[in-house]
Amino acid sequence: MIGFIGGTGPEGRGLALRFALAGEDVLIGSRDAVRAQAAADSVLEIAPSISIAGALNAEVAAQSDTAVVAVPYAAQKQTLESLTDELRGKLIINVVAPLAFSKGVASAIKVAAGSAALEAREIIPDATHVAAFHNVSAQELLAPDRPLNTDIVVCSDDSEAKSKVIALAETIKGARGVDGGGLENARYCEDLTALLLNINRIYKAHSMIKIVGI
């Protein structure tokens with residue numbers, strides 16, 4: 001079971017859709033059960049045959065083997081602190097990008113721990129942490145007939161978990177998983193999100209990344 005902690009936003013719903021289309025059982029979480037189910041229902045409208053439902057974050061964390069943290073950065077610390085028992089021993093995939101916006105321009109927020117992913121590890125040290133999926137367009141994810149011509153950089157200090165998430169990334173049609181090294185490197189993927197959002201604003205596009213030479 002793959003559970004999304006705070007997965008009601010476009011990125012969470014888009015990844016939930018793609019993983020469910022790949023045959024995974026998926027739960028979308030929220031602090032509000034009604035909002036969680038509404039998010040799941042919106043995904044079911046796109047793909048009625050998939051296995052997806054909504055529930056409170058605590059229920060999602062308890063029931064999932066893999067938990068995808070997809071909350072806004074401002075909510076990450078409080079959310080994870082409230083779920084330490086439920087997430088202990090789990091595989092946690094962090095897709096959080098700490099961002100600020102001023103007059104439509106995105107900028108990266110400096111995180112004391114170094115990155116959102118490293119902060120999550122400080123909060124729940126007895127889980128396996130992976131950072132991935134930061135630079136994938138939510139709009140493209142929510143268009144399931146459209147293959148993603150993108151690379152997905154995956155960072156973790158646990159090689160087995162990193163391989164598992166790379167394989168998960170490659171269940172998304174057109175995507176390639178790329179080994180981005182240790183969790184320390186997650187900061188570069190998180191910060192790159194701000195650049196891509198600003199490029200999107202300039203070009204009115206849904207830009208993603210492609211790494212050449214490997």
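**View 1. Strand β9 and the lining of the largest cavity in the predicted model.** Strand β9, which covers residues 150–156, contributes three residues to the lining of the largest cavity, the most that any element gives. The lining as a whole is formed by Phe133, His134, Asn135, Val136, Asp151, Ile152, Val153, Cys189 and Ile209, and these residues divide into six nonpolar, two polar and one charged. The volume of this cavity is about 50 Å³, and a search of the whole structure finds one cavity of 30 Å³ or more.

**View 2. The pairing of strands β8 and β9.** Strand β8, residues 128–131, runs antiparallel to β9 and is joined to β9 by two bridges. Ala131 has Cys155 of β9 as its bridge partner.

**View 3. The open sheet of eight strands.** The strands follow the order β3-β2-β1-β4-β5-β8-β9-β10, and their pairing is mixed. Because β3 (52–56) and β10 (175–179) stand at the edges with a single partner strand each, one side of each is left without a neighbour in the sheet. On average, and with direction ignored, neighbouring strands of this sheet are turned by 25 degrees against each other.

View 4. Two or more lining residues come from each of the elements α1 (10–21), β2 (26–30), α4 (73–81), β6 (99–102), α7 (138–141) and α9 (186–203). By residue class, the lining of the largest pocket divides into 18 nonpolar, 16 polar and three charged residues.

Note on methods:
Residues numbered from 1 in each chain as written. Predicted model: local features only at pLDDT ≥ 70, side-chain atom pairs only at ≥ 80, totals over all residues. Heavy atoms only, no water. 1 Å grid on protein atoms, 1.4 Å probe; cavity = no way out; pocket = protein on both sides within 12 Å on 5 of 7 lines; lining within 4 Å. Points joined across faces, edges and corners; volume = space filled by probe spheres on them. Helix = DSSP H or I, 4+ residues; strand = E, 2+ residues; numbered from the N terminus. Nonpolar A, V, L, I, M, F, W, Y, C, P; charged D, E, K, R; others polar. Pairing = 2+ DSSP bridges. Axes fitted to C-alpha atoms, helices over the stretch in contact; angles between N-to-C directions.
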